[in-house]
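Hi,

Here is the model I said I'd pass on. Have a look at it first, and then read my notes below.

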Amino acid sequence: MKTTNDFNTNSLGSIKAFFVFSVMVFIGNWSLAQQEIKLSSPDEKLEIGINLTDEISWNASFKGFTVIENTIISMDMGNGRVLGKNPVLRKKNIESITEKRTFEVPNKDAEITSKFNQLTLDFKGNYQLIFRTYNDGVSYRFIDSSKKSKQVFNEEMALTFPEGTLSYFPEEESFYSHNERNYLTKTLDEIEKGAFCSLPVLFVTKNAKVLFTESALVDYPGMFLAKSSKNSMVSTFPKYVLKAVPNQESYPDRNQIIEKEADYIAKIDGKRSFPWRVFIISDDDRTFVESNLVASLADKSRITDTNWIKPGQVAWDWYNANNIYGVDFEAGLNMETYKYYIDFASKNDIEYVILDEGWTKSTTEIMDDNEFLDVPELIQYAKSKNVEIILWVLWKPLYENPDEILKMYSSWGAVGIKVDFMQRSDQYVVDSYGKIAEIAAKYKLMVDYHGAFKPAGIERMWPNIVNYEGVRGNENNKWTNEITPEHNVTIPFIRMAAGPMDYTPGAMINMNKVDYETGAANFAPLFTRPMSFGTRAHQVAMYVVYEAPLQMLCESPTIYYKEQETVDFITSIPTVWDETQVLKGAVSDYIVVARRKGDTWYLGAMTDWTARDFEIDLSFLSDGSYDLKAFKDGVNASRNAQDYKITRESVDQNTKIELQLSSGGGYSAIITKK
């Protein structure tokens, strides 16, 4: 009896103790879940607040002003498992980190020092969430530590911006897209519900701008943003493709119809990190050109020996439709024409010539050249002239047999491929970017992706990926009048924030907005004899302003021979840089950038249709005297856009120079130490 009473008393005490302990644990977990965790940038101008309730959300302020009101994030892994739903925080850790990275193919800066504060949140359910705050932005990513194979059914990111937020909105009509869009300026409440855009996309609040894109996009679908409610956007993704068939009604060699999709967006095999969601935030437009966030967040290179990756300039055939003249042979896709291109490149120290569409037997028979070409012989001819050859190829037939095809191209002596018409951002195609680059690296081939989505970090893992299109560039002059100077000074602040862009500059047939006498239209899209909007100096400035490690000269060599002075200036400009400073900039209005390669500085300035004058301080120069050679708008550029003038002067770090840009104009300079 006594034993029984003692037992009951002890049991009751244990139960009480367990109850008290359980309540304390519950209160502890409840308080962890209810708190707002703050994380500031190193300079403390940018701050985010992360809230853990029945969901994970965060907000952002810049200099005390709200720039992102709320962002709800989660990942639906199927079978009721949702990372971010009813989160139970196990542990948190905040640390300040400084990282230094050097890049094999530097776009802006050869060496980057990144300082950031990092918050790591460990949750019950075997997953983590990492936030980083930099002086120029915010990033976050999920990490799933589950070793089981699984599917991702959705990744939620619901963004709410302050009232009156404007967007430069690259609206898409379909996930099946080259991602070459105009940037529509609309307030968020003007965008129709359900309308969606590709990345990068820029949002303008009253107190700062927010550019959103992604990095470390590997074996996972690309994100798009769709309008959800008045001031809100939500992530959306292409589904996992189960069946794609040729579009028999429109170029079936390259265009597909997606016949069957899964109900999930990705297949995952075990533990993995997901892409970084990247927000560049600033009230200074220059930041969006200078920022290295996408590159800093990308995975490190998987190529140990990169000495064979050689950026440079390219004589390109497709823009000008192989239109050479004044010769004694018929121009076309034949040996004589391409030897003409090679000779032009050789005489001007241009490193590469691309053989674009038409060199193969057919666009799907890509292991044989056409009946008028002997490509291996042509490659050897080019090598004898110190010029290398890059071969265009369609993505679909290449990816059906990439190893054998690329091995053969390499055996011929080709040094690169231009892969075209992917047009998709689903997991299968995103994964193919890395796999093609890996095989190409095995055979020491560089890769230029066209018909492509924007750069998103794969090019840092595989630095033989030297360029991407994903931009409305000069080739559009062949069929539209929409490639205006305003467009040209918009893309450096938005599209180029993601990485290099193959805009293909160098047009020599330059046109003003209207005829100076009649006021009539002064431009016509001509497929085989294209012209460009803006002045000659506007086109030349692109070689400094636009980042493109593999940089095209798009015009016909015949025309370039008649414009030798311009060619000499262009070919004196590098394609990769040691240092970049943006001196002046306003999205869609103007840009003035200074870039350094070795001891030489280069200036590039472009404006929209508004003529502008700038005073530029050369204090970025080191001590000593320099020779400045400038390519500027001529006095009569407003009458004839091809008018330009080359000048020389001695300068030093105390010099201030005056830039006078015509309507649609430009300016560039090469500043060499004496």
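A word on labels before anything else: helices (H or I, at least four residues) and strands (E, at least two) are DSSP runs, numbered from the N terminus. This is a predicted model, so local features need pLDDT of at least 70 and side-chain atom pairs count only at pLDDT 80 or more, while totals for chains, interfaces and linings use all residues. Residues are numbered from 1 along each chain as its sequence is written, and side-chain values use heavy atoms, with hydrogens and water left out.

I call two strands paired if DSSP finds at least two bridges between them. Strand S1 (residues 36–40) runs antiparallel to S2, with 5 bridges joining them, and Ser40 sits opposite Glu47 in S2. The hairpin of S1 and S2 has 5 residues between the strands, and Glu44 there takes a positive phi near 65 degrees. Next, a hairpin of 3 residues leads from S2 to S3; that antiparallel pair, with S3 at residues 56–62, has 7 bridges, and Asn51 faces Ser57 in S3. As for burial, buried means under 20% relative accessible area, exposed over 50%, and partly exposed in between (1.4 Å probe, protein chains only). In strand S2 (residues 46–52), 6 of the 7 residues are buried, so the strand is largely enclosed by the rest of the structure.

Then there is a parallel sheet. It is open, with 7 strands in the order S30-S29-S28-S27-S26-S25-S33. Its edges are strand S30 (465–468) and strand S33 (550–553), each pairing on one side only. Strand S25 (residues 312–315) and S26 are joined by 2 bridges, with Ala315 opposite Val353 in S26.

Helix H5 is worth a look too. Its buried residues are Val375, Leu378, Ile379 and Ala382. They line one face of the helix, because they fall within an arc of 100 degrees when seen down the axis of H5 (the arc is that of the directions from the helix axis to the C-beta atoms). Their cover includes helix H4 (335–347), strand S26 (352–355), S27 and helix H7 (402–412), where contact means heavy atoms within 4.5 Å.

The other sheet is antiparallel: 6 strands, open, in the order S34-S35-S36-S41-S38-S39. Strand S34 (579–586) and strand S39 (644–651) are the edge strands. S38 (residues 626–633) pairs with S39 over 8 bridges, and Ala630 is opposite Thr647 in S39. Helix H11 (residues 536–545) packs on this sheet, touching S35, S36, S38, S39 and S41, and its direction makes about 130 degrees with that of S36. For that angle, axes are lines fitted to C-alpha atoms, for helices over the stretch in contact, and angles run from 0 to 180 degrees between N-to-C directions.

Most residues other than glycine have a negative phi, and most peptide bonds are trans.

- The Leu199 to Pro200 peptide bond is cis, with omega near 0 degrees; Pro200 lies in the loop between strand S15 (196–197) and strand S16 (201–204).
- Thr504 has a positive phi near 60 degrees in the loop between helix H10 (485–488) and strand S31 (510–511). At 3% relative accessibility, Thr504 counts as buried.

Cheers
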